[in-house]
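Student: I am new to this one. Could you walk me through it with some questions and answers?

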Amino acid sequence: MIGPISFENYYLFRYIRKKPEYHVANDIIGTLVTQAPYFNDSLLILEDDFVDLSPNSTSIIGAMDAITFSTDISKSGGCSYNFSGGKRLQVVNSQFGFGYENFTIETWFNARFWSAYSTVFELGMWPNSIIIRPQTLGTSLGIYCYGQDHSVAMDLDLNTWYHIAMQRKNNVWEVYLNGALIKQFSNYVFLSADKLGIGYSIYSENQRLNGYIDLFRVTSRAKYSDPGFEPESFSKYSLE
């Protein structure tokens, strides 16, 4: 297995993927991408243009309220999803019904202003869901799992990029902020939901993030528990 792909090769792949006439380059870069760590375990990789770059690309992505893209404010150097003004995005994928299986959901988010229930994502629908959201005034990070509150008090700043990752390994849940473990708890629940709300709560469409999201990924393994995994790698490539 080769190492992680570079930004240059990854974005070249993204470009030529939409240009099938470049089949030689596509074969080369496509091989690099498919051999990148965790690529084959990816259920969803969202960059720009609502294109799912995961291996199967089976997700049904529904943009609501005219989500736009920002090239001025982006973590990846390309563009980010602009959720300012209460935009929202829903992804439907039967593979999100994880049951008791392991998985990881992670993304970068950047809040422009605080509001009540500024949801980064919700998988399922409350109370049978998992939710990540900065609380009002940025005084804590809200973490909810099937109705249980596991929030962590902390100071979050506006106009700042944060990486959030939530994984389940067996019945142990872990939440990482910028690569550091901030919460661990046990909750043995069967996750049957297949709807993922990005930038808003499926339970209430008014519970929305007012800001930006970049490099959103769902992986069918608890990769932060893998030996040799480097949490700081999330800042380099979304395909790691």
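Tutor: Let us begin with a term: a polar contact is a pair of N or O atoms within 3.5 Å, where, within protein, one must be able to donate a hydrogen and the other to accept it, and residues adjacent in sequence count only if both atoms are side-chain atoms. This is a predicted model, in which local features need pLDDT of at least 70 and side-chain atom pairs count only at pLDDT 80 or more, while totals for chains, interfaces and linings use all residues. Residues are numbered from 1 along each chain as its sequence is written, and side-chain values use heavy atoms, with hydrogens and water left out.

Student: Thanks! How many helices and strands does the chain have?
Tutor: Helices (H or I, at least four residues) and strands (E, at least two) are DSSP runs, numbered from the N terminus. Counted in that way, the chain has two helices and 16 strands.

Student: What percentage of the residues in the chain is buried?
Tutor: Buried means under 20% relative accessible area, exposed over 50% and partly exposed in between (1.4 Å probe, protein chains only). Of the 240 residues in the chain, the buried share is 54%.

Student: Is Glu106 buried or exposed?
Tutor: Glu106 belongs to strand S6, which covers residues 103-111. Its relative accessibility is 5%, so Glu106 counts as buried.

Student: With which side chains does the side chain of Glu106 make a polar contact?
Tutor: One partner is the side chain of His163, at 3.5 Å. Another is reached at 2.6 Å, and that is the side chain of Lys223. The names to remember are therefore His163 and Lys223.

Student: Over the face of which ring does Lys223 lie?
Tutor: A charge sits over a ring if NZ of Lys or CZ of Arg is within 6 Å of the ring centre and within 35 degrees of the ring normal. Arg88 gives one case, over the face of Tyr200 at 5.3 Å from the ring centre. For Lys223, the distance from the ring centre is 5.2 Å, and the ring belongs to Tyr38.

Student: How many aromatic pairs are there in the whole structure?
Tutor: Rings of Phe, Tyr and Trp (its six-membered ring) pair if their centres lie within 6.5 Å; planes under 30 degrees apart count as stacked, over 60 as edge-to-face and the rest as tilted. A search of the whole structure gives a count of eleven.

Student: How far apart in sequence are the parts that the pair of Tyr100 and Tyr188 ties together?
Tutor: Tyr100 and Tyr188 are stacked, at 4.7 Å centre to centre with 10° between the planes. Tyr100 lies in the loop between strand S5 (88-92) and S6, and Tyr188 in the loop between strand S14 (180-186) and strand S15 (195-198), so the parts they tie together are 88 residues apart in sequence.

Student: Are Trp173 and Phe185 buried or exposed?
Tutor: Trp173 and Phe185 form a stacked pair, 6.1 Å centre to centre with 5° between the planes. The pair links Trp173 in strand S13 (residues 172-177) to Phe185 in strand S14, twelve residues apart. Ring pairs also join these two with Phe96, Phe98 and Phe103 in a cluster. As for accessibility, both Trp173 and Phe185 are buried.

Student: Which residues have the most contacts inside the largest nonpolar core?
Tutor: A nonpolar core is a set of buried Ala, Val, Leu, Ile, Met, Phe, Trp, Tyr and Cys residues joined through side-chain atoms within 4.5 Å. The largest one has 42 residues, and those with the most contacts inside it are Leu196 and Phe216.

Student: How many disulfides does the structure hold?
Tutor: A disulfide is a pair of cysteine sulfur atoms within 2.5 Å. Cys79 has 9% relative accessibility and so counts as buried, and Cys145 is buried too, with a relative accessible area of 0%. The number of disulfides is zero.

Student: Which backbone oxygen does the side chain of Ser80 reach?
Tutor: Ser80 lies in strand S4 (residues 80-82) and is buried, with a relative accessible area of 1%. Its side chain reaches, at 2.5 Å, the backbone oxygen of Ile73.
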